[in-house]
Amino acid sequence: MTDAVLELEHVSSGYGDLTVVRDVSFAVESGSITVLLGRNGAGKTTLLKTLAGLLPIASGDVRISGASVRKQPAYQRTKRGVGFVQENKRVFKRRSVEENLRMGAYAHRLGHKEVAARLEGAYERFPVLLMKRRDVAGHLSGGQQQMLAIAQALIGRPHLLLLDEPFSGLAPSIVHDVMESIRRIKAEDGCTVLMVEQSVDLALSIADRVLVMDIGELAHVGLPTDSDIRDVVEDIYFGRGVRPKEAPSSV
């Protein structure tokens with residue numbers, strides 16, 4: 001039996017009367033990196049916000065480690081082990097690096113010793129944050145802010161980490177560092193990652209499994225090593241027709 005951390009069953013969601021995500025079903029296996037590809041407006045970010053509890057589920061169900069979270073707000077999903085790093089490095093830019101990390105621990109009501117231990121772990125994972133711990137977050141480079149946002153989410157030791165375009169706006173030299181950090185999260189912590197990405201090359205280089213969305217629907221599920229994966233993505237990205245989606249087996 002597959003060990004799925006996240007399961008979606010016929011999920012639809014959106015903004016008020018506007019449905020953006022339509023009847024999406026898939027599962028994400030424990031300890032994997034799954035990348036969600038798609039054109040702008042395909043519904044990728046809307047789907048992540050729905051999974052994080054920031055948008056309501058209009059229909060269908062979402063299960064985390066087998067338990068339905070459909071009616072749970074974002075803070076309860078955080079307590080269930082969901083971390084979410086939104087696009088554009090959502091950090092508290094007027095606060096110091098260490099204050100940002102402590103805010104990541106606040107929702108989990110940790111004791112002082114445990115907070116100190118987790119801060120130490122964050123600094124070991126991202127040494128640049130230790131050097132910058134007293135600096136105002138808004139003065140960090142784009143790559144450093146992204147590392148801070150990921151470290152803040154990891155303070156709660158999530159089982160499932162949702163990343164919305166973590167490489168967006170980063171210099172190529174910094175993309176490698178952030179990518180290696182994501183790989184270590186999987187390898188060292190056993191954390192499951194579901195990541196939205198636009199770049200096909202980046203997605204295929206880091207993913208264990210690839211999902212492609214188009215116009216709010218799941219258009220393709222496959223492996224990054226599939227011989228036709230680039231053709232499939234190009235068909236979808238450039239509007240040459242959506243291939244039939246595979247059965248929503250574990251991803």
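## Helix H1 and the sheet

In this predicted model, helix H1 (residues 44-52) lies across strand S1 (4-15), S2 and S4, and runs at about 115° to S1. Helices (H or I, at least four residues) and strands (E, at least two) are DSSP runs numbered from the N terminus. Axes are lines fitted to C-alpha atoms, for helices over the stretch in contact (heavy atoms within 4.5 Å), and angles run from 0 to 180 degrees between N-to-C directions.

Residues are numbered from 1 along each chain as its sequence is written, and side-chain values use heavy atoms, with hydrogens and water left out. Because the model is predicted, local features need pLDDT of at least 70 and side-chain atom pairs count only at pLDDT 80 or more, while totals for chains, interfaces and linings use all residues.

## Strand order and pairing

An open sheet is formed by 4 strands in the order S2-S1-S4-S5, with antiparallel pairing. S2 and S5 stand at the edges with a single partner strand each, so one side of each is left without a neighbour in the sheet. Two strands are taken to pair if DSSP finds at least two bridges between them.

S1 and S2 pair in the antiparallel sense over 8 bridges, and Leu6 stands opposite Val28 in S2. These two strands form a hairpin with 2 residues between them, and Gly16 in the turn has a positive phi of about 65°. S1 is also joined to S4 by 6 bridges, again antiparallel; the bridge partner of Leu8 in S4 is Val62. S4 and S5 pair in the antiparallel sense over 2 bridges, and Arg63 stands opposite Ser68 in S5.

Most residues other than glycine have a negative phi. Asp23, which is not a glycine, has a positive phi of about 55°. Asp23 is placed in strand S2 (residues 18-29) and is partly exposed, with a relative accessible area of 36%.

Ser65 also has a positive phi, near 50°, and is a residue other than glycine. Ser65 lies in the loop between strand S4 (57-64) and strand S5 (67-68), and counts as exposed at 51% relative accessibility. Buried means under 20% relative accessible area, exposed over 50%, and partly exposed in between (1.4 Å probe, protein chains only).

## The largest pocket

The largest pocket holds about 550 Å³ of space. Among the 23 residues that line the largest pocket, Thr78, Gly83, Phe84, Gln152 and Ala153 are the closest to its centre. A pocket is an open set of points on a 1 Å grid over the protein atoms alone, where a 1.4 Å probe fits, with protein on both sides within 12 Å along at least five of seven lines; lining residues have an atom within 4 Å of a point. Grid points are joined across faces, edges and corners, and a volume is the space filled by probe spheres set on the points.

Helix H2 (74-79), strand S6 (82-85), helix H3 (97-106) and helix H6 (142-154) each supply at least two residues of this lining. By class, the lining of the largest pocket has 13 nonpolar, 8 polar and 2 charged residues. Ala, Val, Leu, Ile, Met, Phe, Trp, Tyr, Cys and Pro count as nonpolar, Asp, Glu, Lys and Arg as charged, and the others, Gly among them, as polar.

## The second largest pocket

About 350 Å³ of space lies in the second largest pocket. Of its 17 lining residues, Arg125, Leu154, Ile155, Arg157 and Asp189 are the closest to its centre. Helix H4 (112-125) and H6 are the elements that give two or more residues to this lining, and H4 provides the largest share, 5 residues. The lining of the second largest pocket has 8 nonpolar, 5 polar and 4 charged residues.
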